[in-house]
Protein chains: 2
Amino acid sequence: MKIQVEKLKEASVQILRGLKATDEEAALVAECLVRAEMRGIDTHGVYFLKLLSDRIDAQMIRIPTALKVIREDKTTAVLDGGNGLGQVAAHRAMKMSIQKARDFGTGMTLIRNTNHVGILAFYTLMAAEQGVVGIMMSNSAPSMSPWGGAEPFLGTNPLSIAIPGGLDGPVVLDMSSSVVARGKIRRAERMKESIPLGWALDETGSPTTDPAAALRGTLLPIGGPKGYGLALMIDILAGLLSGSRYGPEVKTFHQPEGPTGIGVFTMAIDIERFMPLPQFRRLMESYVTSIKGTRKAKGVSRIYLPGEIEREKEKQSSAEGIEIGSELAKDLNTLLQKAGSRLRLGEE
Amino acid sequence: MKIQVEKLKEASVQILRGLKATDEEAALVAECLVRAEMRGIDTHGVYFLKLLSDRIDAQMIRIPTALKVIREDKTTAVLDGGNGLGQVAAHRAMKMSIQKARDFGTGMTLIRNTNHVGILAFYTLMAAEQGVVGIMMSNSAPSMSPWGGAEPFLGTNPLSIAIPGGLDGPVVLDMSSSVVARGKIRRAERMKESIPLGWALDETGSPTTDPAAALRGTLLPIGGPKGYGLALMIDILAGLLSGSRYGPEVKTFHQPEGPTGIGVFTMAIDIERFMPLPQFRRLMESYVTSIKGTRKAKGVSRIYLPGEIEREKEKQSSAEGIEIGSELAKDLNTLLQKAGSRLRLGEE
């Protein structure tokens, strides 16, 4: 069923309020989850509210979120996420990095001891929309093996970079270091679909098209040893350097197996230290125009910039609403009821 | 033929002195090129001396290198490479970034208007060997199309990250954003070998195994749109933000078609702002030990860290010398003669 954006946001806020999040937390987390839905990244969308509720029931997350600045310097900081809402920690960290970048050129804030932060583009776009470069990385529960290995050790550790300028808003990359995100394989399992070869290996290290076998095995990194190296560097910078968990010690958010211990790296870069922002914007505009004017491959009608498909989807969702499956709607309605709300999805 | 490291270095220095490099420049460039050879990256090795000589003959590079600091702030700087030796600019930039990191937590120095800098790991290792994280990116001549495109626009823009600690020296990633570096395809062409499917597309955008067709066509990025996005972000951060050339305006170093206009991003991060260095080193040691202890895939006898194969090759080269093909030796001997040196390779 199609749900209007504002209604889905309101439902998310009410569910989060029912889970004891503060007004401010509920608004932020709802915004982040619904924006993922709007951008077509439903693996990072309102589906998380159920996981969050289960995690609260298991007493494995602390809400409201108690953040603590562990170390702070002019350009750097470490934030303890208090095993609370990842979005709250990530938003605060990126805000600190942006301020530091404005004051000193670059800002780098690491987070330890937090949980799933949602789509990284939510935060890097926040930086880019304020005219600074945003960079973010996060480690995650093990699903890829080291290159040549046969057991999960590294997460699909994502990287996002957002750049102000472009034709119609920032250019934003948000990618995992695996060929596909684990969420896509979970989705295939839910939809009872097979997965293409080259996405994952089974427990024995052999190629598989069965999502269930892939989830028991390991995901393949992009570019073989390159993606392995990238995931490892992200684990070191976001997990190890932040004083958080890393490698196989990071727990999934999808099962209540204990605090996830996720570590996050945020960075902002002030463009004005390199050239005036209007000049940079003009360069970006001409750059993006050139890319879109490149000669196309056979059968291709349009060249997209990173994040452009998602931005168009976001506009479309604004106008037309968001498609929510009936099972998810049922889960959300149960959560609404649990929260004491009379709002229901699918009853317009 | 096998050439001892010190002899190859001395030959390189003499060739570079003959090309009017200062003593200091000659020593640095020789060190960088020979270290690439030692690490088994012969596509970035002494082969460049011939290209450099051709470029000087065509009056398209300025030696000695005249560096100029265009902008400088506490944590950031922009260096003009004066269309000189890339290694000289890159070394200076990373040195500045390291000092800024020590003083303020992070340091970020961009370079505009330079040339091929050799292997990025040379500079990121310099940082890691001094106990700070080194990060580096560079744009390069167009060889990949935007995703969905059919003409070269982006380079195989490399990224390197080096981390202090590990069992036997820093862990260092040095990767291009293409499935393979263009040098590997050029090497296949020189060796008259075919290339695997999945490395490149021909001019029409179709898969090819012919290195010559691939060199006329485009290279494939790692992870499809992900590698495209990564290469694009590197082009923006190293090329556009530095005020250097970017996209198709960057020229190859392999043909004297004009100044290359390469842009470079260097960054250093002071670990001590996050935790005491000895503590970080202990964490890294246990991390690396865990990775190497991972259960192995069938037929795999050992798990390698990024940069570990190269480090072992470097040790081996130290002991046994470097294998140089007869054609390359002939080129180097011609350059030695031109430089007025009586040294010759292959005459022990």
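Predicted model: local features only at pLDDT ≥ 70, side-chain atom pairs only at ≥ 80, totals over all residues.
Although B:Asn83 is not a glycine, its phi is positive, at about 50 degrees. With a relative accessibility of 9%, B:Asn83 counts as buried, because the limit for a buried residue is under 20% relative accessible area. A positive phi near 80 degrees is also found in A:Lys20, again a residue other than glycine, and this residue is placed in the loop of chain A between α1 (5–18) and α2 (23–38). A:Lys20, however, is exposed, its relative accessible area being 59%.

The arrangement of the two chains was examined next. Two copies of a chain are related, in general, by a rotation about an axis and a shift along it. Here, chain B is superposed on chain A by a rotation of 180 degrees with 0.0 Å of shift along the axis, and the RMSD is 0.0 Å. The two copies are therefore related as by a two-fold rotation axis. Of the interface residues of chain B, 100% are also interface residues in chain A, so the copies meet through the same surface.

At this interface, 73 residues of chain B are in contact with 73 residues of chain A. The area buried between the two chains is about 6100 Å², and carbon and sulfur atoms give 72% of it. Of the area that chain B buries against chain A, 13% is supplied by B:Lys226, B:Phe274 and B:Tyr287, which is more than any other three residues supply. Between chain B and chain A there are two salt bridges; in one of these, the side chain of B:Arg273 meets that of A:Asp73, with a distance of 3.0 Å from N to O. Polar contacts across the interface involve 25 residue pairs, counted where both residues have pLDDT 80 or more.

Several elements of chain B give two or more residues to the side that touches chain A, namely the strands β3, β4 (106–114), β6 (159–163), β7 (171–175) and β10 (262–270), together with the helices α8 (225–240) and α9 (277–292). The element that gives the most to this side of chain B is α8(B), with 10 residues. When the residues on the side of chain B that touches chain A are divided by kind, 48 are nonpolar, 15 are polar and 10 are charged.

Attention then turned to buried positions within the chains. A:Thr124 is placed in helix α5 of chain A, which covers residues 121–129, and with a relative accessibility of 0% it counts as buried. When its neighbours within four places in sequence are left aside, A:Thr124 is in contact with A:Met94, A:Gly134, A:Ile135, A:Met136, A:Ser160, A:Ala162 and A:Val172.

In helix α6 of chain B (residues 182–190), the residues B:Gly183, B:Ile185, B:Arg186 and B:Ala188 are buried. The buried residues of α6(B) are covered by elements of chain B that include β8 (200–201), α7 (211–216) and β9 (218–219). After α6(B) comes B:Lys192, whose phi is positive, near 55 degrees.

B:Ser178 lies in the loop of chain B between β7 and α6, and its relative accessibility of 0% means that it counts as buried. Apart from neighbours within four places in sequence, B:Ser178 is in contact with B:Met144, B:Thr156, B:Leu219, B:Leu220, B:Pro221 and B:Ile222, and also with A:Lys226 of chain A. The side chain of B:Ser178 reaches the backbone oxygen of B:Val180 at 2.3 Å. B:Ser178 and B:Ala231, although 53 residues apart in sequence, are 8.2 Å apart in space from C-alpha to C-alpha.

Key:
Residues numbered from 1 in each chain as written. Chains lettered and ligands numbered in written order. Heavy atoms only, no water. Least-squares fit on C-alpha atoms with pLDDT ≥ 70 in both. Contact = heavy atoms within 4.5 Å. Helix = DSSP H or I, 4+ residues; strand = E, 2+ residues; numbered from the N terminus. Buried < 20%, exposed > 50% of the residue type's maximum accessible area, 1.4 Å probe, protein only. Buried area = accessible area lost by both parts, 1.4 Å probe. Salt bridge = Lys/Arg side-chain N within 4 Å of Asp/Glu carboxyl O. Polar contact = N/O pair within 3.5 Å; in protein donor to acceptor, adjacent residues only side chain to side chain. Nonpolar A, V, L, I, M, F, W, Y, C, P; charged D, E, K, R; others polar.
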